[in-house]
Amino acid sequence: RIGLPVHMPVTIPFETVWRLMANDKKAGSAGREFVICERPGLARLVSAPSERLARDAYRMATSPMSGEVTA
């Protein structure tokens, strides 16, 4: 609503992103971890989902329709 990007272009294949995430500074003993922003000012670190779920999320994030905001 304020003009910030709400989706990412497909410039890096999911396989590359998934592989690089294993080396991210947030990756711990549980493997890949994600920072989830539940609302402005509230974020939490969660263990990564399965590769299948992460692939689905990546597909949604790179979809042209992902820019739709729901209230």
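Biologist: Which residues in H1 meet which ones in H2?

Modeller: This is a predicted model, mind you. In it, Phe14, Glu15, Val17 and Trp18 are the H1 side, and they meet Glu51, Ala54, Arg55 and Tyr58 in H2.

Biologist: And how do the residues of that contact divide by class?

Modeller: Five are nonpolar and three are charged, with no polar ones.

Biologist: What angle do H1 and H2 pack at?

Modeller: About 125°, and their axes are 11 Å apart.

Biologist: Is the crossing left-handed or right-handed?

Modeller: H1 and H2 cross in a right-handed way.

Biologist: Switching to pockets: what volume does the largest pocket have?

Modeller: Roughly speaking, about 270 Å³. It is lined by 15 residues, and the closest to its centre are Val17, Met21, Phe34, Ala54 and Tyr58.

Biologist: Which helices and strands supply at least two residues of that lining?

Modeller: Helix H1 (14–21), strand S1 (33–39) and helix H2 (51–61) each do.

Biologist: How many of the lining residues are nonpolar, and how many charged?

Modeller: The lining of the largest pocket has 11 nonpolar and four charged residues, and no polar ones.

Terms used
Residues numbered from 1 in each chain as written. Predicted model: local features only at pLDDT ≥ 70, side-chain atom pairs only at ≥ 80, totals over all residues. Heavy atoms only, no water. 1 Å grid on protein atoms, 1.4 Å probe; cavity = no way out; pocket = protein on both sides within 12 Å on 5 of 7 lines; lining within 4 Å. Points joined across faces, edges and corners; volume = space filled by probe spheres on them. Helix = DSSP H or I, 4+ residues; strand = E, 2+ residues; numbered from the N terminus. Nonpolar A, V, L, I, M, F, W, Y, C, P; charged D, E, K, R; others polar. Axes fitted to C-alpha atoms, helices over the stretch in contact; angles between N-to-C directions. Left-handed = near helix turned anticlockwise from the far one by under 90°. Contact = heavy atoms within 4.5 Å.
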